[in-house]
Amino acid sequence: MPRRTLRVPPDQDLVVFGATGDLARRKLLPALYELSIQGLLPRRGEVVGTATRELDDAGFRAFAHDAVAEFARTGIDEDAFATFAKRLRYVPAVTDPGPKLARVLRLPRRIVYLAVPPSSFAPILQQLKESGLSRGSSIIIEKPFGHDLSSARQLNQALHRNVPEERIYRIDHYLGKETVQNLLVFRFGNTLVERIWNRDVVSHVQLTVAEDIGVENRGHLYEETGALRDIMQNHLFQLLALTCMSPPSSFDPEALRDEKVKVLQSIRPVAPTEVVRGQYTRGSVNGKMMPGYRELDGVSPDSTTETYIALRLAVDSWDWAGVPFYLRCGKALVTRRTEIMLFCRDVPLHLFEGTGIEALQPNRVTIRIQPDEGISFSFVAKEPGPVVVEQGVRMDFSYGQSFRTEPAEAYERLLHDALLGDHTLFIRQDETEYAWKALQPVLDDMPAIKLYSAGSEGPPEAQNLMLTGSWHTLGHHSQD
């Protein structure tokens, strides 16, 4: 989905609640700095941080400087940062910050970013309403959007009491990744690809979000979330929607989101018997010992929170009926990888029996989202020589090698789009609710936890979900 022009957003302020938190430090402030040096922030407008930490403007600028120096994609340029820092203001949120923000914000238009835990959304929205700041404000909220279908509906109602849907930006940073956007161009910009992208050719699909890091020092927060709410309901379901959606009539934001909603509506509710939940125990990851999840601070010694989840689901649409989809995500696994793999049906007749072709996998399309962003196509070819011997080979597109440029961070793209008022890469109310609806049977009857060692492929019971074949091995490179 190419950007036609890089436009400067209209004048507006940006308010970040939770401005001294980990998200702001690692992602938001570095992304805003990158937009600043590209000239893609509004010409007029403050960046106002608010949090419970007692800081003044100078203290917040020092905090932002350290964040940019450590995490900015292009590194820090002191002169460029000095220009950016002139925008930075800070309002302590020890008590209701609404009246103080109202005195600082001068422009009639603003975006409010809620980089805070979901439990803080409602109080902040009420503060904005009482101070009169809801008028003229747009709201950006982070996932998870609720913790089940009922709470998602309640959250949406709370948002709509303050701002209309057209001024709400539900952010999922996966949608800002270049390779995710390139999936749409790959599908809808290439005749050959779209002709095979359906049940006639595809036997099954695997979507994976694997992390080789554990929960680390976020145990008390992760206990309230788990892998289903943290990754499955949002990141993986969004990737599923983009994989299965029909071509939109245009790249108008609503046309694109309408097609995603049709996919999420078509997901057959997932039964608990189609799900495997796992939790990692002590093990070795990349040569280093990692403590088990239940050993972490803030985690109950008998916790049943999943750090891994795999499931099988069906999309009851014209293009995908009968194709099983396998989704998995987990922490403390053998490698870090996010990918979409489409496995094609086998040929109807093996003409070259006895040459080894029977043991080779059928054609496979792999979209690598991270790391080593790119797309590969695996197929069978004849080895050189007088005897017919088949060998699996691949054609490969690597984002870095082909374009020789580092893609922008997802938050750069998404913040810029929100400032422009472009909803294309943001999630609509009905998307969140249909995703929760598909998973509600699992939430109502969670399967028992299966243990797996840190540094492994996950619980072996996940293999039982496969109707045919097996999970692609994480320990091998996805192009193998």
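These legends describe several close-up views of a predicted model.

**View 1**
Let's start with a pair of rings. A pair of aromatic rings is described by the distance of the centres and the angle of the planes. For tyrosine 222 and tyrosine 293, the centres are 6.1 Å apart and the planes stand at 70°, so this pair is edge-to-face. In the whole model, the count of aromatic pairs comes to 13.

**View 1. A lysine sits over a tyrosine ring, with a histidine as a chain neighbour.**
Here the charged end of lysine 177 sits over the ring of tyrosine 174, 5.4 Å from the ring centre. Histidine 173 is found in the loop between strand S6 (168–171) and helix H7. Is histidine 173 buried or partly exposed? Its relative accessible area is 23%, so histidine 173 counts as partly exposed. Leaving aside neighbours within four places in sequence, histidine 173 is in contact with His235, Ala410, Tyr411 and Leu414. Serine 376 is 203 residues from histidine 173 along the chain, and their C-alpha atoms are separated by 23 Å.

A disulfide is a covalent bond between the sulfur atoms of two cysteines. How many disulfides does a search of the whole structure find? The search finds zero. Take cysteine 244: the closest cysteine sulfur is in cysteine 344, 14 Å away, which is too far for a bond. Cysteine 329 is in no disulfide either, and its nearest cysteine sulfur, that of cysteine 244, is 17 Å away. Cysteine 244 is buried, with a relative accessible area of 5%, and cysteine 329 is buried at 1%.

In soluble globular proteins, nonpolar side chains tend to be buried together. The largest nonpolar core of this model has 139 residues, and Phe237, Leu313, Trp320 and Phe325 touch the most other members. Helix H10 (residues 226–244) gives the largest share of this core, eleven residues. Which residues is leucine 313 in contact with, leaving aside its neighbours within four places in sequence? They are Phe237, Leu240, Ile267, Val270, Val323, Pro324, Phe325 and Leu327.

**View 2. Helix H11 is mostly covered.**
Helix H11 (residues 253–266) has 14 residues, which at 1.5 Å a residue should span 20 Å. Its end C-alpha atoms are 20 Å apart, in agreement with that value. Ten of the 14 residues in H11 are buried. Among them are Leu256, Val261, Val263 and Leu264, along with Arg257, Glu259 and Lys260. The elements that cover the buried residues of H11 include helix H7 (178–188), H10, S11 and helix H14 (429–444).

**View 3. A proline sits inside helix H1.**
Proline 30 is found in helix H1 (residues 22–37). With a relative accessible area of 4%, proline 30 is buried. Not counting residues up to four places away in sequence, proline 30 touches Ala24, Arg25, Ala67, Val68, Phe71 and Ala72. Although proline 30 and alanine 67 are 37 residues apart in sequence, their C-alpha atoms are 6.6 Å apart in space.

Lysine 143 and proline 144 are joined by a cis peptide bond, with omega at about 0°. Proline 144 lies in the loop between strand S5 (137–142) and helix H6 (149–160). The bond from glutamine 370 to proline 371 is also cis, with omega near -15°. Proline 371 is placed in the loop between strand S14 (364–370) and strand S15 (374–382).

**View 4. Two residues other than glycine have a positive phi.**
Glutamate 216 is not a glycine, yet its phi is positive, about 60°. Its place is in the loop between strand S7 (202–210) and H9. Alanine 332 has a positive phi near 60° and lies in the loop between strand S12 (324–330) and strand S13 (337–344). Alanine 332 is buried, with a relative accessible area of 0%.

Note on methods: Residues are numbered from 1 along each chain as its sequence is written. This is a predicted model: local features need pLDDT of at least 70, side-chain atom pairs count only at pLDDT 80 or more; totals for chains, interfaces and linings use all residues. Side-chain values use heavy atoms; hydrogens and water are left out. Rings of Phe, Tyr and Trp (its six-membered ring) pair if their centres lie within 6.5 Å; planes under 30 degrees apart count as stacked, over 60 as edge-to-face and the rest as tilted. A charge sits over a ring if NZ of Lys or CZ of Arg is within 6 Å of the ring centre and within 35 degrees of the ring normal. A disulfide is a pair of cysteine sulfur atoms within 2.5 Å. Buried means under 20% relative accessible area, exposed over 50%, partly exposed in between (1.4 Å probe, protein chains only). A nonpolar core is a set of buried Ala, Val, Leu, Ile, Met, Phe, Trp, Tyr and Cys residues joined through side-chain atoms within 4.5 Å. Helices (H or I, at least four residues) and strands (E, at least two) are DSSP runs, numbered from the N terminus. Contact means heavy atoms within 4.5 Å. The expected span of a helix is 1.5 Å times one less than its number of residues.
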